[in-house]
Amino acid sequence: SFNPKNPCKRIVLYFHDTMFKGTNVANATASVIANPNGTGLGNFKFGKTVVFDDPLTADGHFLSPPVARAQGFYFYDMKTTFNAWFAYSLVFNSSRYKGIINVMGADMMDDASRDLSVVGGTGDFFMARGIVTFRTEEVEAADYFRVKMDVKLYECY
């Protein structure tokens with residue numbers, strides 16, 4: 001039976017997003033692909049769209065070896081506050097895990113903790129369902145952010 005306090009699999013990862021700024025090609029892991037008016041529409045970046053291929057680490061250290069990658073996109077979709085809608089895959093290719101966890105949902109950035117949906121998976125995560133809880137740990141202007149992701153799967157095969 002389903003118990004929200006007892007997921008069948010739990011993985012904590014740290015998502016490191018380094019924005020391309022024109023000269024940091026070697027280090028950038030994210031890039032703006034659409035940006036109405038150069039800054040988005042209004043004060044909350046409405047319409048700005050970012051594609052990313054970000055390293056995921058087992059701890060919060062930027063220079064730790066990646067254990068997986070987050071590959072996908074997000075776009076800012078509210079005109080009254082900061083909110084982004086994410087669609088991405090957690091791609092694992094290690095001795096511990098092989099496979100993909102697919103995640104999507106709204107990131108209400110003003111909230112300390114936010115849940116996105118796990119909508120499927122492959123390999124070790126075949127047909128996975130669950131939630132990913134976001135907690136922002138660091139933001140350096142528009143250049144870099146780190147989010148702690150607590151991945152909790154409730155359907156594991």
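**Salt bridges, pair by pair**

1. Let's start with Lys21, which is partly exposed at 47% relative accessibility (buried means under 20% relative accessible area, exposed over 50%, partly exposed in between, with a 1.4 Å probe and protein chains only). Keep in mind that this is a predicted model, where local features need pLDDT of at least 70, side-chain atom pairs count only at pLDDT 80 or more, and totals for chains, interfaces and linings use all residues. Residues are numbered from 1 along each chain as its sequence is written, and side-chain values use heavy atoms, with hydrogens and water left out.

2. Who pairs with Lys21 in a salt bridge? That's Asp143, at 3.4 Å from N to O (a salt bridge is a side-chain nitrogen of Lys or Arg within 4 Å of a carboxyl oxygen of Asp or Glu). This pair ties together distant parts of the chain, 122 residues apart. Asp143 is partly exposed too, with a relative accessible area of 38%.

3. Next up are Arg10 and Asp150, whose side chains form a salt bridge at 2.4 Å, N to O. Arg10 sits in strand S1 (residues 9–18) and Asp150 in strand S9 (residues 144–155), 140 residues apart (strands are DSSP runs of E, at least two residues, numbered from the N terminus). Arg10 is exposed at 52%, whereas Asp150 is buried at 12%.

4. Asp107 and Arg114 make a salt bridge as well, at 2.5 Å from N to O. Are these two buried or exposed? Asp107 is buried at 3%, and Arg114 is buried at 6%. Elsewhere, salt bridges with shared partners join Arg10, Asp150 and Lys152 into one network.

5. For the overall count, a search of the whole structure turns up seven salt bridges.

Key: Helices (H or I, at least four residues) and strands (E, at least two) are DSSP runs, numbered from the N terminus.
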